[in-house]
Structure formats: structure tokens, C-alpha cells
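Take a look at the sequence and the structure below. Then read on for a short tour, one topic at a time.

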Number of protein chains: 4
Amino acid sequence: FCLWSEGKKKKPLKVKEPNWHALPGSFFLLFGLWWSVKYPLKYSCRKNKNACYLGSRAGFQRLEFVEGIIKAVFALIGMVAEQFVPDGPHLKLYNYEEKHWDHLMNWQHATMYLFYGISGLVDIVAHGTNALPVAMDRMMLSLAVFIEGFLFCYHLHGRAMLDVHVHQLLLFAIFGAAVCIFLEVFFRGSIVLEMLRTSLCILQGSWFWQIGFVLYPPNGSPEWNQMDHTNMMFLTMCYCWHYAFAFLILAVNYTIVSW
Amino acid sequence: FCLWSEGKKKKPLKVKEPNWHALPGSFFLLFGLWWSVKYPLKYSCRKNKNACYLGSRAGFQRLEFVEGIIKAVFALIGMVAEQFVPDGPHLKLYNYEEKHWDHLMNWQHATMYLFYGISGLVDIVAHGTNALPVAMDRMMLSLAVFIEGFLFCYHLHGRAMLDVHVHQLLLFAIFGAAVCIFLEVFFRGSIVLEMLRTSLCILQGSWFWQIGFVLYPPNGSPEWNQMDHTNMMFLTMCYCWHYAFAFLILAVNYTIVSW
Amino acid sequence: FCLWSEGKKKKPLKVKEPNWHALPGSFFLLFGLWWSVKYPLKYSCRKNKNACYLGSRAGFQRLEFVEGIIKAVFALIGMVAEQFVPDGPHLKLYNYEEKHWDHLMNWQHATMYLFYGISGLVDIVAHGTNALPVAMDRMMLSLAVFIEGFLFCYHLHGRAMLDVHVHQLLLFAIFGAAVCIFLEVFFRGSIVLEMLRTSLCILQGSWFWQIGFVLYPPNGSPEWNQMDHTNMMFLTMCYCWHYAFAFLILAVNYTIVSW
Amino acid sequence: FCLWSEGKKKKPLKVKEPNWHALPGSFFLLFGLWWSVKYPLKYSCRKNKNACYLGSRAGFQRLEFVEGIIKAVFALIGMVAEQFVPDGPHLKLYNYEEKHWDHLMNWQHATMYLFYGISGLVDIVAHGTNALPVAMDRMMLSLAVFIEGFLFCYHLHGRAMLDVHVHQLLLFAIFGAAVCIFLEVFFRGSIVLEMLRTSLCILQGSWFWQIGFVLYPPNGSPEWNQMDHTNMMFLTMCYCWHYAFAFLILAVNYTIVSW
């Protein structure tokens with residue numbers, strides 16, 4: 001995810017880069033928005049049983065099955081893209097000529113996608129057949145999110161202060177989501193936890209976009225001063241506004257769905 | 001909340017400053033004291049059902065509704081005050097002339113109030129209508145408290161040792177309360193958690209006052225030596241006494257209410 | 001608790017000092033041993049109801065009442081002793097002549113005892129009358145243990161490496177016990193948590209004694225080299241042996257009681 | 001476990017060393033693989049009750065009893081081996097002639113094995129008789145794993161960066177497993193937690209092997225550069241692949257068992 005900010009130092013491909021941070025951001029936003037419709041719908045279905053089109057639990061189970069497929073496909077696309085972009089590793093892990101690891105960043109991102117892929121597969125099996133216990137899907141999703149955070153922790157060495165800070169802020173959303181999803185293993189179907197997860201997912205998505213704009217200001221606007229302490233404080237606050245914004249979206253979707 | 005301690009270095013407005021630390025302190029104290037009456041009352045109502053004036057659960061639900069309104073109003077007052085005090089930002093975020101962020105501290109405090117405001121709104125909707133699940137109010141309150149702590153963590157850079165220490169002590173009460181309220185999502189109505197929350201809320205309020213007195217000694221008494229290690233140790237202990245005092249208040253109110 | 005190790009640097013009262021570390025150690029050992037008898041007894045009473053002398057729950061409730069009284073009395077003794085030992089503060093907090101805090105260490109220990117005293121009082125009220133919810137006793141005990149650890153954290157500055165290390169090891173037992181007791185609020189009467197708490201209490205007690213022997217070797221044996229890294233490693237391991245020993249005691253008492 | 005990497009600096013016994021890291025690794029792998037068969041089996045037995053050979057709960061209880069014996073025997077072998085290998089301590093703790101602790105590393109490993117031994121004994125008593133509550137076995141196992149991690153934390157001082165890093169990665173699996181097993185005290189028989197534990201156990205086992213290969217490259221291949229930052233990043237990623245691999249094994253065994 002954070003690959004291009006490192007690559008930047010070598011080749012100034014400024015124009016294209018914001019798109020790359022935007023890619024995972026869009027994935028998370030898309031899932032967050034979808035969940036912000038799905039869970040209120042599920043909740044109001046459970047409350048007044050007859051007023052609901054989508055029918056019984058079976059309908060929602062089919063939805064989770066489809067979600068699993070989409071997740072697995074997205075993860076596959078992500079992995080292939082990370083490997084076969086023009087300056088990607090093309091499945092080559094070690095550069096024997098120059099004796100160093102090749103494109104480690106792309107490999108790390110591919111690993112992150114891999115676990116989301118596994119989570120998608122578990123979703124498919126758990127909701128498509130009844131061989132696996134259903135709670136397994138939450139555990140795998142929690143692990144996938146945790147491993148995303150885990151790998152993030154270990155590839156921020158040697159960056160500029162502001163760059164590290166914006167990524168660290170992301171870690172709160174990531175680990176928060178991992179804990180929240182793990183709790184769902186035990187409190188499955190708790191609307192409160194589902195809303196919390198949705199809000200953290202939207203936050204993560206919109207913050208990815210924000211990182212893109214901070215690190216690669218569009219339209220020739222000046223770069224951010226990486227060493228200015230007040231910039232750091234502003235971004236911390238900005239992060240909170242993103243979160244408030246995520247709740248605004250949740251509230252709007254909730255009221256629309258409730259009607 | 002901690003704005004004026006920074007502003008101080010520029011303009012020595014000594015006389016007014018303790019009042020500013022006192023403002024949020026009073027809010028928290030007020031809520032803490034109110035809760036220390038409300039929860040014992042609710043508990044004894046639940047125990048002996050007929051001896052209770054306020055009646056059934058409906059009465060307490062109406063109370064929570066009113067609480068939400070008060071919280072939202074307080075938060076609105078706080079936000080407006082932070083913006084429009086004489087040396088406030090007046091909604092201006094960036095100073096284009098001098099090219100720096102404007103009054104970041106006030107904006108941070110306004111952000112803190114914003115989340116308490118959201119929490120108040122959620123209270124109103126959750127207890128006024130039945131569109132939202134009731135447990136939502138605890139989750140939003142927990143998040144509001146967490147974000148208060150989160151923003152606190154990131155604006156203590158570059159202060160004197162003692163100043164940092166007294167604010168760090170506050171973080172124990174803040175994050176403790178956030179965890180406690182989050183647990184209430186799952187163990188709603190547990191009198192033990194409610195008492196714990198109340199005690200931490202009183203502690204936070206009285207500690208805000210204490211911070212005010214430490215940083216701006218009233219009546220011309222000498223300033224505290226910011227570098228003295230024993231001062232730090234004394235304040236740590238003092239913090240525990242405040243907590244013991246919070247329990248004393250709880251105990252007194254509890255016995256009065258029980259009668 | 002750790003006062004005399006600091007005092008030592010000024011006055012070499014070597015002979016008496018181990019006794020001082022031994023005092024709280026003995027308290028914890030005594031409680032740990034008592035609990036290692038009480039909880040297995042309670043458990044086997046619950047399993048085969050008729051074979052039990054002590055009778056129904058009322059018997060055990062009276063026991064907890066008595067425990068509360070003993071705890072409160074011990075805490076009172078501790079507080080008075082800390083204040084009125086020959087080189088204690090005698091209730092004087094600030095030395096106005098030399099302008100420094102007076103005997104802060106004794107005050108800190110008195111504060112620790114104070115919270116154990118409050119916990120004892122809550123025990124008495126919760127089990128003697130039925131005004132307070134019973135789970136309150138666990139919460140106050142958890143807080144008392146937590147505050148003991150909290151104050152410990154803040155009075156290890158400026159000591160020698162080994163001295164800090166042996167006290168840090170103690171913190172594991174203290175915070176472990178605090179978490180364990182807090183869990184008991186929700187899983188009251190779980191024999192597993194009660195055994196865990198008992199083992200941690202015995203560990204704390206025996207480690208206090210060990211600290212005494214490490215810092216003040218008796219009978220003129222040479223002092224420990226405070227800077228030797230292997231000493232630190234040995235003590236870490238030794239800590240684990242103490243814990244294994246605590247389990248041995250538990251096992252012996254358990255088998256005796258079961259018969 | 002990590003003894004030989006220290007010993008290495010003194011005597012270059014390169015050829016034999018990978019075997020030593022492999023020993024505990026094999027234990028963990030063996031247990032992980034066994035659990036990856038046992039728990040799916042138990043789960044499908046519980047789902048369709050008549051299609052199961054092993055019969056009722058009694059069969060599985062006898063299994064846990066046997067497991068306890070094996071664990072205790074392994075632990076005993078480990079302890080004896082650590083003591084009586086040619087360059088071991090032979091039960092001598094302190095070298096009085098040279099005045100230093102003797103073979104502390106072996107003693108630390110023996111201590112780790114000791115707690116696994118205690119856990120095995122508790123398993124035997126809890127499942128063989130009905131004197132002990134059954135949940136005790138999980139608590140002791142959780143403590144044994146925790147103490148393994150605890151001792152690990154304190155014997156990484158003064159090693160090279162990469163060496164520390166690969167051991168730190170191991171700590172995630174260890175403490176993750178400790179938390180997971182502790183949760184099982186309260187959510188006993190949850191297939192999700194059992195699978196998580198199994199996966200972490202396999203991860204730990206295979207990572208021990210990986211550490212062996214990293215620190216002592218076999219067949220005369222060149223040593224890893226301990227100071228290269230990219231090596232660290234590769235190994236972090238590699239750790240995730242090991243985990244993905246653990247899930248692959250779990251999935252394969254699960255499907256075989258389900259049929």
C-alpha cells in the first residue's frame with residue numbers, strides 16, 4: 001500500500017501515484033458503504049419481521065456468500081496487480097545478480113491481499129456449505145485485518161516524520177477493526193459491533209485517500225512540510241473529522257434504510 | 001482543554017486562566033455527581049419495585065433522553081466558546097498570510113466537544129425514538145471519551161515535565177472510563193460498571209481543577225518547580241487521594257439515596 | 001514498601017531492613033495461604049452439598065465479612081505504622097523549613113494501605129448488609145491492587161538496575177492479579193479465577209521476601225552485584241520458580257482439603 | 001531454546017546446532033498437527049452424533065488424559081536433556097570457583113519445560129479423576145505458554161538485530177496462543193478458538209525450524225547479513241507465509257476429517 005511513497009524517492013512519477021493509494025482506499029470505502037446499508041437493513045428486518053423483502057436469514061446468508069466471492073476476487077486482482085505492474089516483481093523474489101530482495105514492498109502488499117483472499121474463501125465455504133462453523137468467517141477476517149496492521153508496523157522505518165504519522169493513525173483504525181471483529185466471534189450479530197466495524201472500515205478507506213492527497217498533493221500545490229509539528233497536529237484532528245464524517249454517512253444511510 | 005497552558009508562554013493572562021481549566025472540570029464533576037445520585041437510585045428501584053417514586057423503566061429512559069439533550073447543549077456551548085473567545089480562531093483554520101495553522105488548540109478542543117455532541121445526539125435518538133438500538137448510546141459515549149484521550153495524547157509535546165505528568169495522569173481516568181463504558185455495551189445495567197464510570201468521571205472533573213491549581217497557582221503563591229522529581233511523586237499520590245475522595249462522595253450519595 | 005531501599009543510601013541500618021520488606025510480604029502470604037484453603041473448600045462444598053460442615057452460602061458470606069474486617073484492620077495498622085515509625089512523617093506532609101516534601105515514600109505506602117482499607121470496608125458493607133451489590137467487593141479489591149501497581153510504577157526512578165528489575169517482576173504479579181480480580185466481577189465464583197488469584201497472591205508475598213533477601217543479604221553475605229546481567233537473568237528465572245512453588249502449595253492444600 | 005545461538009559465539013559447533021532449534025519446533029509441530037486432526041473430529045462428532053466412532057465425551061476425555069501424559073513425558077525429557085547434555089549444567093546452578101551463574105540458558109529452558117510439565121500433570125489429574133475442575137487444564141496451559149514468552153522476552157539482550165527480530169516474531173505466536181487459551185477457560189469447546197490455537201501452535205513449530213535455518217544456514221550456504229534491513233522485512237513477510245501455510249494444513253486436515 002505504501003510502496004509508492006518509497007519508490008518516489010527514486011523516480012518522480014508524481015502524477016500517477018495518488019491513484020495507487022486510492023485503490024485500496026476505494027476497496028475499503030466500497031465495503032464500508034455496502035455494510036452501512038446491509039447491517040441497518042438486517043437489523044430492521046429482525047425487528048419487524050413481516051415488513052422485510054429480503055426474507056429470512058437465508059437471504060442474508062446468501063449475501064455473505066456473495067460478499068465472500070467479491071472479497072476473494074478483489075484480493076486476487078490486488079495480488080496479480082501487485083505482481084505484474086510494470087515496475088513489479090513478476091513473481092521474482094530475490095535478485096541473484098545484485099544480491100538483494102526484489103520489490104519487497106509489492107510482495108508485502110501481495111501478502112496482505114493473500115490473507116483477505118483466505119478470508120474470502122473461508123466466507124464462501126462457511127456460508128456456502130455447512131461444513132465449517134459460521135463464526136470462522138469473523139475469525140479469519142479479524143486475522144486478515146490484524147496481519148494488514150502487523151505488516152504495516154514493520155514497513156515504516158526510515159520515512160519522514162509526517163509520512164510515518166499518517167500511517168500510524170491508520171493503525172488505530174486497523175487494530176480497532178481487528179479487535180472489533182474478533183469480539184464479533186463471541187457476540188455475533190450484535191448491531192453495535194457491526195456498526196463500529198463499518199465506521200472503522202469507512203474511516204480506513206477515506207484515510208487512505210487522505211494519505212494520497214497529503215503525500216502527493218494534486219494540481220501542483222506545494223508539498224507538505226514533513227517536519228512541521230503543527231502539520232502533525234492538524235492531521236491528527238483531521239483524522240477525527242474523517243471519523244465524524246464516517247458516522248454522518250452511517251447516520252444518513254441508517255435513516256434512509258429505516259424508512 | 002490544555003490550550004491555555006501553551007498560550008501562557010506568550011501572554012501572561014494569569015488571573016483568568018484557572019477558570020478555563022475549571023470549565024471542563026465542572027462539566028465532568030456535574031455529570032459525575034448526577035450519576036452518583038442516579039445509578040444508586042436506579043439500583044434501589046430495581047431491588048424493591050414498589051417503594052420507588054420514579055416508576056418503571058420508562059421514567060429512567062426519559063431521564064437518559066434529557067441527559068442526551070443536556071450533553072448536546074453543553075457540547076454546542078463548548079464548541080461555540082472555543083471558536084468565538086476573543087483569542088479564538090473564529091472558524092478560520094489556516095492563516096494564509098503567515099502560512100501556518102491557526103489556533104490548532106481551540107480546533108482540537110472543539111473536535112473533542114463535537115464527539116460529545118454526537119454522543120448526545122445518539123442518546124436523544126436512541127432513547128427518544130426506537131429506531132436505534134439502545135446499546136448504541138454507550139458505544140458512542142465510549143468513542144467520545146476515547147477520542148478525548150486520543151487527542152490529549154498528541155498535544156503534550158514540548159511541555160515541561162510536570163505539566164506533561166499531570167496530563168498523563170488524566171489519561172488513566174480517560175482511557176479507564178472509555179474501556180469501562182465499552183464493557184457496558186455488553187453488560188448493560190451492571191451497577192458495578194456504572195459506579196466505576198461515575199467514580200472515574202468525578203476523578204476526571206476534580207483532577208481538571210487540580211491541574212488548574214498546579215499550573216496557575218492562585219493568589220500569588222509561588223509556581224511549582226516543573227523539574228522537581230518529588231513534586232511529580234506527590235502529584236501521583238495526590239491523584240490517588242482524589243480517587244479516594246471520589247469514592248467518598250459516591251459512598252455518601254449512595255447512603256443518602258438508599259434511605 | 002520499597003521505602004527502606006532508598007533510605008538505606010543515607011543510613012546503613014542493614015540489620016533491621018529485611019524485616020520491613022517482610023511485613024507486606026507476610027500479609028500477602030497469609031492471605032494467599034488462607035485463600036488456598038478457602039476456595040478449594042468452597043468448591044468441594046458446592047460439589048457434594050451434604051458432606052460439608054460449614055453449611056450453605058451463608059457460612060461463606062460470613063467468612064467474607066470477617067475477611068473484610070481483617071483486611072481493614074491490617075490496612076489501618078499498616079497506615080499507622082507508616083506514619084509513626086521513628087523515621088516516619090508523623091502526618092506532616094510538607095517540610096516548610098527545608099521546602100521539600102516530607103517522607104513521600106511513607107505517604108505513598110500509606111496511600112496503598114488506604115485503598116486496601118477501603119476495599120475492606122466495602123467487603124464489610126457488601127457482605128454484612130445487603131445495601132451494596134455483592135460484586136462491588138471484587139471491583140474495589142481490583143482497584144486497590146491496581147493502585148498498588150500504579151504507585152509502584154512511579155517510584156522506581158533512579159534506582160540501580162537490579163533493584164528496578166526485581167520490583168518490575170513484582171508488577172507482573174500485581175497487574176495480573178488486578179485483571180484477574182476484575183474478571184471475577186463478571187465471572188463470580190469461577191474456581192479457576194479464584195485459584196489464579198490465590199497463586200498470584202502467594203507469588204507476590206514470597207517475592208516480597210525474596211526482594212528483601214536480594215537487597216539486604218542477611219548474615220553478612222556479600223551484596224548482589226547490581227550491574228551484572230546474569231544476576232538479572234537468574235532472578236527472572238527465580239521468579240518463575242517462586243510461581244511453580246506457589247502452585248505446589250496450592251496443590252498440597254487442595255489435596256488436603258479435598259480429603 | 002535459543003541457547004545455542006549464544007553458545008555459538010564461543011564454540012563454532014555449526015553442524016549440530018540446527019537440530020537443537022528443531023527439537024522444540026518438532027514438539028510444537030507434532031502437537032499442532034495432532035490438534036488439527038482432533039478438533040475437527042470432535043466438532044463433526046458433536047454435529048452428527050451417530051456417525052462417530054470415538055463415541056461420547058468420555059472418549060475425548062480419555063484422549064485429553066493421554067495428551068496430558070505425553071506432555072508431561074516430553075517436558076521431563078526436555079528438562080533432563082537440558083541438564084545432562086555434554087555442555088549442560090548437570091544440576092549445578094552456581095559456579096563457586098569462577099563466581100558466576102552456570103549455564104543459565106539451560107536452566108531457563110528447563111524452567112520453560114517445567115511449566116509444560118505442570119500443565120501436563122494438571123491435565124492428567126483434571127481428566128483422570130474428577131477432583132479438579134476441568135477448566136483448570138486450559139488455565140495451566142495458558143500460564144505455561146505465557147511463561148515461555150515471559151522468559152523469552154528476557155533473554156534476547158545483546159544479540160544481533162536479525163536474531164532478535166526472528167525471536168520477537170515468535171513472541172506474537174506465543175502471546176497470541178496464551179491469550180487464546182485463556183479465553184478458552186471461559187468459552188470452552190469453542191471450535192473457533194481451538195482452531196486459532198492449533199494454527200498458532202503450528203506457526204510456532206514451523207517458525208522454530210525457520211529460525212534454525214536462518215541462524216545456522218545448512219550445507220555451507222552463506223550466513224544471513226544480520227544488519228540488513230531488507231532481510232528483516234523479508235522475514236516478517238515470511239512469517240506471514242508460514243501462518244498462511246499453517247492454515248493450509250488446517251484446511252487440508254479439516255476436509256480429510258470431515259469426509
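## The model and chain A

This is a predicted model. Start with chain A. Chain A holds 8 helices and 2 strands. Read from the N terminus, its elements run α-α-α-β-β-α-α-α-α-α.

Chain A has 259 residues, and 58% of them count as buried. Now take the contacts in chain A between residues at least 6 apart in sequence. Of these, 74% join residues at least 24 apart.

## How the copies are related

Turn to chains C and D. A 90° rotation, with 0.0 Å of shift along its axis, superposes chain C on chain D. The RMSD is 0.0 Å. The two copies are therefore related as by a four-fold rotation axis. Which C-alpha of chain C is nearest the axis? That of C:Phe186, which is 7.7 Å from the axis.

Chain A can also be laid on chain D. This takes a turn of 90° and a shift of 0.0 Å along the axis, with an RMSD of 0.0 Å. In chain A, the C-alpha nearest the axis belongs to A:Phe186, 7.8 Å away from it.

Two packed helices are described by the angle between their axes and the distance between the axes. Apply that to a pair from two chains. The crossing of H8(A) and H5(B) is left-handed.

Which residues make the contact? From H8(A) come A:Thr236, A:Met237, A:Tyr239, A:Cys240, A:Tyr243 and A:Phe247. From H5(B) come B:Met139, B:Met140, B:Leu143, B:Ile147, B:Phe150 and B:Leu151. By class, the contact of H8(A) with H5(B) has 11 nonpolar residues, 1 polar residue and no charged ones.

## A helix pair within chain C

Next, look inside chain C. Helix H5 covers residues 136–153, and helix H6 covers residues 161–186. Their axes come within 8 Å and cross at roughly 160°. H5(C) and H6(C) are therefore roughly antiparallel to each other. Their crossing is left-handed.

Residues of H5(C) that meet H6(C) include C:Leu141, C:Val145, C:Phe146 and C:Phe152. On the H6(C) side, the residues include C:His167, C:Leu170, C:Ile174 and C:Ile181. How many residues of each class does the contact of H5(C) with H6(C) have? There are 16 nonpolar, 3 polar and 3 charged residues.

## Two residues up close

Is C:Lys71 buried or exposed? C:Lys71 lies in helix H3 (residues 57–84) of chain C. Its relative accessibility is 7%. Buried means under 20%, so C:Lys71 counts as buried. What does C:Lys71 touch, not counting residues up to four places away in sequence? The list is C:Phe31, C:Tyr116, C:Ser119, C:Gly120, C:Asp123 and C:Leu141.

Now move to chain B. B:Leu41 sits in helix H2 (residues 17–47) of that chain. B:Leu41 has 27% relative accessibility, so it counts as partly exposed. B:Leu41 and B:Tyr254 are 213 residues apart along the chain. Their C-alpha atoms are separated by 8.1 Å.

Key:
Residues are numbered from 1 along each chain as its sequence is written. Chains are lettered from A and ligands numbered from 1 in the order in which they are written. This is a predicted model: local features need pLDDT of at least 70, side-chain atom pairs count only at pLDDT 80 or more; totals for chains, interfaces and linings use all residues. Side-chain values use heavy atoms; hydrogens and water are left out. Helices (H or I, at least four residues) and strands (E, at least two) are DSSP runs, numbered from the N terminus. Buried means under 20% relative accessible area, exposed over 50%, partly exposed in between (1.4 Å probe, protein chains only). Copies are superposed by least squares on the C-alpha atoms of residues with pLDDT of at least 70 in both. A crossing is left-handed if the near helix is turned anticlockwise from the far one by less than a right angle, and right-handed if clockwise. Contact means heavy atoms within 4.5 Å. Ala, Val, Leu, Ile, Met, Phe, Trp, Tyr, Cys and Pro count as nonpolar, Asp, Glu, Lys and Arg as charged, and the others, Gly among them, as polar. Axes are lines fitted to C-alpha atoms, for helices over the stretch in contact, and angles run from 0 to 180 degrees between N-to-C directions. Angles under 35 degrees count as roughly parallel, over 145 as roughly antiparallel, 65 to 115 as roughly perpendicular and the rest as oblique.
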